[in-house]
Amino acid sequence: MSDQKQWTDVTMPQLAESLVSATIAKWLKQPGETVEQFEPICEVITDKVNAEIPSTLDGIMGDLLAEEGQTVAVGELICRIQTKSAAPAVSTGATPVSPASQGNTQVQVHSQQGAASDQSMRGRFSPAVQTLAAQHSIDLNQVMGTGMGGRITRKDVLNYVQQGGPAQAMASKQPTATTLGQGSPFVGRQQPTAQLSTPIQNMDPAIPVRNSGIHLTEAPKAPVIEVEGDNNNRSEYFIDVTPIRSAIARNMRQSVSEIPHAWTMIEVDVTNLVMLRNKIKNEFKQKEGINITYLAFLMKAVVNAIKEYPIMNSVWAVDKIIVKRDINISLAVGTEDAVLTPVIKKADQKNIAGLAREIDDLARKTREGTLKLDDMQGGTFTVNNTGSFGSILSYPVINYPQAAILTFESIVKRPVVIDDMIAVRSMANLCLSLDHRILDGVICGRFLQRVKENLEGYTLDTKLY
């Protein structure tokens, strides 16, 4: 039966309801390499986020039917996997091995030897690995990775659990050479110990860290540039349009062309909020392990205002206006080459501390590039923290098909007249773009006034939980 091969076709899955195609960014498995169930086999780029396609079975990678950089429609073949039941067995003793098996063995040996020196994928974890780690309370920095580029697989995590935890795992990190049937040669690289609650980062310490707002804290990937002309006369250059950038262009054009935008702004005194945050930020950091930003307080103020004016949480449907019951807040997260809008689901059911945790989680996922398609869907109202990069006034474009978008501008100290006396106060602007088919100035003015009252209503006694 060793010469009979049973192949399973792998097609591009339907990653989201509106997704019709995706681009193969990188193959994580090459022909001849062993594939485990749930182990990622390739990275794909969609018009929303980058994602990984996991294997649905155990086996050996066969032909790659789609090249890196190729756009593949949903349902089209991308590769084939040979199931283990039909795959030639790899011998560790004196049993003869067929030429085909020898070829596979050589590919696997070279791949595993390369993993000993290549650690480029060490800090990237698949959803299956993260789930297992959370279930067993495992610090992934203590687990040896035998996958491509030092990547940790499900089998690595399970072996770690069977070995008895941290003590055995640390001992197994010593350089060892074993046979193919027992494991692969691996030289462990010491990783910093971290708790599971600490965001996993894989950054070059030489790169300055950005800590404003919820933007990326690592340098962006450089776009692919084609220079037009010779070296002595470079008058222009081209930047490839990524699927995400193409989606942004399409959605922004649709928003501006279909939605009649109107704009309004209100000024808010956030002096008490600044004092409150300064009072609790260190204690909150020690207790939760994350920073609490002004965005969490703003979001709570916005959510409470939407409860009073639910029409703000609606979409236009030509012959009717659909008001959403769940308040799902989209966060406009700007990077150097894209704008993403991850969603905090049912934000009205969360307190300030819960919103802060959600914001930090989305920031970590954005930084690591691990946002899932589900993280990007279902938003009903968008909040943008433009003040994180110093803006004091902006005109945001509505996140189609929502009815409105609110920006929180930079907090600055200004002289303000209070009871006929001049005082220095911390002030910020709130800018609102609205769909004039659904919303009018009166309702939006009242909504903004309620947000203002909620923000100015924070005191030193405000509870976070």
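This is a predicted model: local features need pLDDT of at least 70, side-chain atom pairs count only at pLDDT 80 or more; totals for chains, interfaces and linings use all residues.
Residues are numbered from 1 along each chain as its sequence is written, and side-chain values use heavy atoms, with hydrogens and water left out.

Me: How many salt bridges does the structure hold?
Reply: A salt bridge is counted when a side-chain nitrogen of Lys or Arg lies within 4 Å of a carboxyl oxygen of Asp or Glu. Some of these join into a network, which links Asp361, Arg364, Lys365 and Asp375. For the structure, the number of salt bridges is 15.

Me: Which residue meets Arg450 in a salt bridge?
Reply: The side chains of the pair meet at 3.1 Å, N to O. This pair links distant parts of the chain, 142 residues apart, with Arg450 in helix H9 (residues 441–456) and the partner in helix H7 (residues 294–308); helices (H or I, at least four residues) and strands (E, at least two) are DSSP runs, numbered from the N terminus.

Me: Is Lys452, which forms a salt bridge with Glu456, buried or exposed?
Reply: The closest N and O atoms of Lys452 and Glu456 are 2.9 Å apart, and both residues lie in helix H9, 4 residues apart, about one turn of the helix. An α-helix has 3.6 residues a turn, so residues three or four places apart point the same way. Glu456 is partly exposed at 29% relative accessibility, whereas Lys452, at 17%, counts as buried.

Me: What is the relative accessibility of Asp319?
Reply: Asp319 forms a salt bridge with Lys320, and their closest N and O atoms are 3.3 Å apart. Lys320 is partly exposed, with a relative accessible area of 45%. Asp319 counts as exposed, and its relative accessibility is 63%.

Me: How many of the 15 residues of H7 are buried?
Reply: Helix H7 reaches 22 Å from its first C-alpha to its last, close to the 21 Å expected at 1.5 Å a residue, the expected span being 1.5 Å times one less than the number of residues. The buried residues include Tyr294, Phe297, Met299 and Lys300. H7 is largely enclosed by the rest of the structure because the number of its residues that are buried is 12.

Me: Which residue in E7 is the bridge partner of Thr23?
Reply: Strands E5, E4, E2 and E7 form, in that order, an open antiparallel sheet, and its edge strands, E5 (50–54) and E7 (71–73), each pair on one side only. Strand E2 (residues 21–27) pairs with E7 in the antiparallel sense over 3 bridges, where pairing requires that DSSP finds at least two bridges between two strands. The bridge partner of Thr23 in E7 is Thr71.

Me: Which strand holds Thr83?
Reply: Thr83 is buried, with a relative accessible area of 16%. Leaving aside neighbours within four places in sequence, Thr83 is in contact (heavy atoms within 4.5 Å) with residues including Gln6, Thr8 and Leu57. The strand holding Thr83 spans residues 77–83 and is E8.

Notes: Buried means under 20% relative accessible area, exposed over 50%, partly exposed in between (1.4 Å probe, protein chains only).
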